[in-house]
Amino acid sequence: MRTKQRTEMACGRRAVLAELGIGEGAVGSRASGSGRSRYSCRCPECADTQWDVQRLKYWLCARLVEFGADEADVDQRIGAGPDEAGVPVDIRWRSGDRWYAIEVRNGPLETTLAQEHTARLRAAGCAGVLWLCPPGFWVDHLPALGVADLGPSSCDYLIDSGVLDTVHTPVASPQRTPFELREFLRGWVSGDIVWAYRDEHKGGWARVTDWERHTRTQAAVIARQRRELVNQRTALAVSRTQVRDKERLITRLNWRLERAQDGMAQQAESVDAINRRISERHRVEASLRATVAGLNRTIERWQLITVCSMMLLATFLAAAVIVR
């Protein structure tokens, strides 16, 4: 039963390819001419994935021509010449004399390799590059769109990430609602939707009016920051002047303090000398006091001896008088 269903699906796909003029032979010749294989292997999962990718490519070409592109081809080369092989791309389309490229990937992108490939395409003369891939962090670093489903049943492709607007914020920010890939192609072909950087490393797709508002907002922010910077520089200059004045004041105070310290040192030396003199005089006074005290004791002794002698003499005189 499953084999029968797969056979019917394959027959239906071949019929659709035949109606688009891209039957098995055409796809095989184009793939071999571009140096690519149609399928990575023969398992049903890879075939289904490649079917979704191929269907998306031809759907993109049809929509581009419908919205005003002069021509659009699948699996072509950019910058091919007599001596140059050119850079292979999934879709190459032209508007006037400007060529554009679309790369379709059904898996995660290596940011560095994708940026190098984008640079090669621009160097080859490509005016714009678009990457269609699953949503991921790489979408913000490339001119890419994150498609929610590469294989919808009715070709209603919805963009999940990569589109910016200024509906909710004054600067370009990721759109909060899914955006139809059909409407994006219409705006891209007409020039109403372009890719640009919204900060130093990240970018996105937005309408020209949104980018104008984003630019005005950034200009206003830059002007305000410039005024703030001028005010800060003025405040810094005033602060530096005040600091210089304070430094001069501190220098003068330090000089006065040093002079005061020198005066205090001299006064301290004078006080020490006076203290030494006072101490010396105290020692002399103490020595004199000791000498005076010794003399007083000697005088008291001599007075006592004199009194005793006089009393003894008086005694002898009295005795002599009595004896007579």
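Buried means under 20% relative accessible area, exposed means over 50%, and partly exposed is in between, with a 1.4 Å probe and protein chains only. On that scale Arg105 is partly exposed, at 28%.

Some background. This is a predicted model, so local features need pLDDT of at least 70 and side-chain atom pairs count only at pLDDT 80 or more, while totals for chains, interfaces and linings use all residues. Residues are numbered from 1 along each chain as its sequence is written, and side-chain values use heavy atoms, leaving out hydrogens and water.

Now the salt bridges, each a side-chain nitrogen of Lys or Arg within 4 Å of a carboxyl oxygen of Asp or Glu. The whole structure has 14 of them. One joins Asp90 to Arg105, with the closest N and O atoms 2.9 Å apart. Asp90 sits in strand 2 (residues 87-95) and Arg105 in the loop between strand 3 (98-104) and helix 4 (111-123), 15 residues apart. Helices (H or I, at least four residues) and strands (E, at least two) are DSSP runs numbered from the N terminus. Asp90 is buried, at 2%. Arg105 also pairs with Glu103, at 3.2 Å from N to O, and Glu103 is buried at 0%. Lys57, Asp75, Asp90, Glu103 and Arg105 are linked in a network of salt bridges.
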